[in-house]
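Please open the structure in your viewer and keep the sequence panel beside it, as the tour moves from the whole chain to particular pairs of side chains.

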Amino acid sequence: MQTELDTWQPRLAAIARSAAGDDGAHDASHLERVRRNAESIMEHHPEADRLVVLAACYLHDLVNLEKNDPRRAQASTLSADLARRLLADQGFPADRLDAVAHAIAAHSFSAAIPAETLEAQIVQDADRLDGLGAVGLARMFYIAGRMGSSLAHDGDPLACDRPLDDKRYALDHIPVKLALLPGMMQTAAGRALAEARLALLEDFRATFAAEWRGS
């Protein structure tokens, strides 16, 4: 028998695909990875509303603005508003629209909206996990390339004697933002996964700097 999740998953994926742009760091594969991250976290939280989490995972980037766009902090709220309208048109359960919209609005680092429900906490953790580890590293450099950033500072890649600046130097993004994510995770399962993935990034940063300096 087809379940509610089985019914909605292809419909949600189709909505997300229809809104996709040309950003390879926020494409359909990103949405699927976020969904899988959320499913891993929900193994520890069977009480979570899986349909709300599923919808928010697929639709959290409906409005995707570049990292250096001055409206960046508004993207998650715009995505939440658009998701609410699109889901209502599709006949999504009306009593869960608020929960989906909140989970989408709260997922963003730059928006700094507190995640007030378990579902929002799971979606936020799941999205942030995709910024860590090997995939997160690839996404970091991809986004830096789109923004026109340099790989690293010529003479001081680890910022020992200069302020960190991740808008100019991609490598700086690890200590500026990514290293903070494990401590910001809302769930214990998300935190454990984040800490393991951050260790890979920190090892990479040290190795990169050694090669960059020719040591």
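The stops below begin with the overall fold and then turn to salt bridges.

Start with the whole chain in cartoon view, bearing in mind that this is a predicted model. The chain holds 10 helices and 0 strands, and its radius of gyration of 18 Å is close to the 17 Å that the globule rule gives for 215 residues, so the chain is as compact as a globular protein of that length. Along its principal axes, the C-alpha trace spans about 60 × 35 × 30 Å. If you colour by burial, 46% of the 215 residues count as buried.

Next, colour the charged side chains: there are 23 positive and 32 negative ones, and the centres of the two sets lie 2 Å apart. Across the whole structure, 8 salt bridges are found.

Select Arg-84 and Asp-98, which form a salt bridge with their closest N and O atoms 2.6 Å apart. Arg-84 lies in helix 4 (residues 75-90) and Asp-98 in helix 5 (residues 97-106), so the pair ties together parts that are 14 residues apart in sequence. Arg-84 is partly exposed, at 34% relative accessible area, while Asp-98 is exposed, at 53%.

Move on to Asp-130 and Arg-139, whose side chains meet in a salt bridge at 3.5 Å, N to O; both of these residues are buried.

Then select Arg-162 and Asp-172, where the salt bridge is 2.8 Å, N to O. Both residues sit in the loop between helix 7 (133-147) and helix 8 (173-176), 10 residues apart. Arg-162 counts as buried at 15% relative accessibility, and Asp-172 is buried at 0%.

Finish by selecting Glu-4, Asp-49 and Arg-96 together, which salt bridges with shared partners join into one network.

Note on methods
Residues numbered from 1 in each chain as written. Predicted model: local features only at pLDDT ≥ 70, side-chain atom pairs only at ≥ 80, totals over all residues. Heavy atoms only, no water. Helix = DSSP H or I, 4+ residues; strand = E, 2+ residues; numbered from the N terminus. Rg over C-alpha atoms; globule rule 2.2 N^0.38 Å. Buried < 20%, exposed > 50% of the residue type's maximum accessible area, 1.4 Å probe, protein only. Lys, Arg positive; Asp, Glu negative; His and termini not counted. Charge placed at Lys NZ, Arg CZ, Asp CG, Glu CD. Salt bridge = Lys/Arg side-chain N within 4 Å of Asp/Glu carboxyl O.
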